[in-house]
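Subject: Structure handover

Hello,

Here is the structure I said I would pass on. Please open it and keep it beside this email while you read.

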Amino acid sequence: MVAVPLLLLCAAALAARGALPPPEEAARVARVVLHSCDWGALATLSAQDGLRGHPFANVFSLSDGVRGPGGGSGVPYLYLTDMEISVRDLRVNSNASLTVSLAQTPYCKKHKYDPQNPLCAHIIFCGSVVKVNDSEAAIAKKALFSRHPEMESWPKDHNWFFAKFNITNIWVLDYFGGLKIVTPEEYYSVKP
């Protein structure tokens, strides 16, 4: 009889936390945060006159897969056009960083966490942005259009293409005490 109230108490604690994995499971936290987010801030090194060589951040819609059980692939997919200023930067230098935060979800507001509070988890990915091959384009299309259906009606003459963020480094900030480093191997080996 004692086990039932204890289980209920544990379930209530998990629900209060919003089902975010515990801080010691940083790779899972990274996967959950990415899958929960519909957009991120992509930072490039500018190739534009007047900004050349300076950091330049821009917001992009993204998806790692259809919402729901399974938690997505962990691969951040993007729908891009060469007309976009950040994509012009990427043509010169494909290296970038991508930041996603639970601040864009109801999670932080529900818990009254300021976006800068470490408990309002955010993930910083470093790597490069590359166009996907034809076989991966169908996966990227399903991932993106399921979350961003408006994309299907964007002007065809803008020559949209599917891309992915190739992750080389991951930093997780989800608790006090500083950033945690997660390798891509650790990240892709866990399920959210």
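This is a predicted model: local features need pLDDT of at least 70, side-chain atom pairs count only at pLDDT 80 or more; totals for chains, interfaces and linings use all residues.

**Aromatic rings**

A pair of aromatic rings is described by the distance of the centres and the angle of the planes. The structure holds 10 aromatic pairs. Take Tyr107 and Tyr113. Their ring centres are 6.2 Å apart and their planes meet at 55°, so this pair is tilted. Tyr107 counts as buried, at 10% relative accessibility. Tyr113 has 21%, so it counts as partly exposed; the cut-off for buried is under 20%.

Now look at Phe145 and Phe162. This pair is tilted too, because the planes are at 55°, with the ring centres 5.7 Å apart. Phe145 sits in helix 5 (residues 134-147) and Phe162 in strand 6 (residues 161-173). The pair therefore ties together parts that are 17 residues apart in sequence. Phe145 is buried, with a relative accessible area of 12%. Phe162 is buried as well, at 14%.

Both belong to one aromatic cluster, formed by Tyr79, Phe145, Trp154, Trp160 and Phe162.

Elsewhere, check Tyr187. Arg31 lies over the face of its ring, 5.4 Å from the ring centre.

**Helix 5**

Does the length of helix 5 agree with or differ from what its residues should span? It has 14 residues, which should span 20 Å at 1.5 Å a residue. The end C-alpha atoms are 21 Å apart, which agrees.

The buried residues of helix 5 are Glu136, Ala140, Ala143, Leu144, Phe145 and Arg147. They pack against helix 2 (26-36), strand 2 (55-61), strand 3 (77-80) and strand 6.

**Cysteines**

How many disulfides does the structure hold? There is one. Cys108 and Cys120 form it, with their sulfur atoms 2.0 Å apart. The link is right-handed, with 100° about the S-S bond. Cys108 lies in helix 4 (residues 106-110), and Cys120 in the loop between helix 4 and strand 5 (122-131). So the pair ties together parts that are 12 residues apart in sequence. Cys108 is buried, with a relative accessible area of 2%. Cys120 is buried too, at 0%.

Cys37 is in no disulfide. Its nearest cysteine sulfur is that of Cys108, 9.1 Å away. Cys37 is buried, with a relative accessible area of 0%. Cys126 is in no disulfide either; the nearest cysteine sulfur, that of Cys37, is 16 Å away. Cys126 is partly exposed, at 21%.

Best wishes

Definitions and conventions:
Residues are numbered from 1 along each chain as its sequence is written. Side-chain values use heavy atoms; hydrogens and water are left out. Rings of Phe, Tyr and Trp (its six-membered ring) pair if their centres lie within 6.5 Å; planes under 30 degrees apart count as stacked, over 60 as edge-to-face and the rest as tilted. Buried means under 20% relative accessible area, exposed over 50%, partly exposed in between (1.4 Å probe, protein chains only). Helices (H or I, at least four residues) and strands (E, at least two) are DSSP runs, numbered from the N terminus. A charge sits over a ring if NZ of Lys or CZ of Arg is within 6 Å of the ring centre and within 35 degrees of the ring normal. The expected span of a helix is 1.5 Å times one less than its number of residues. Contact means heavy atoms within 4.5 Å. A disulfide is a pair of cysteine sulfur atoms within 2.5 Å.
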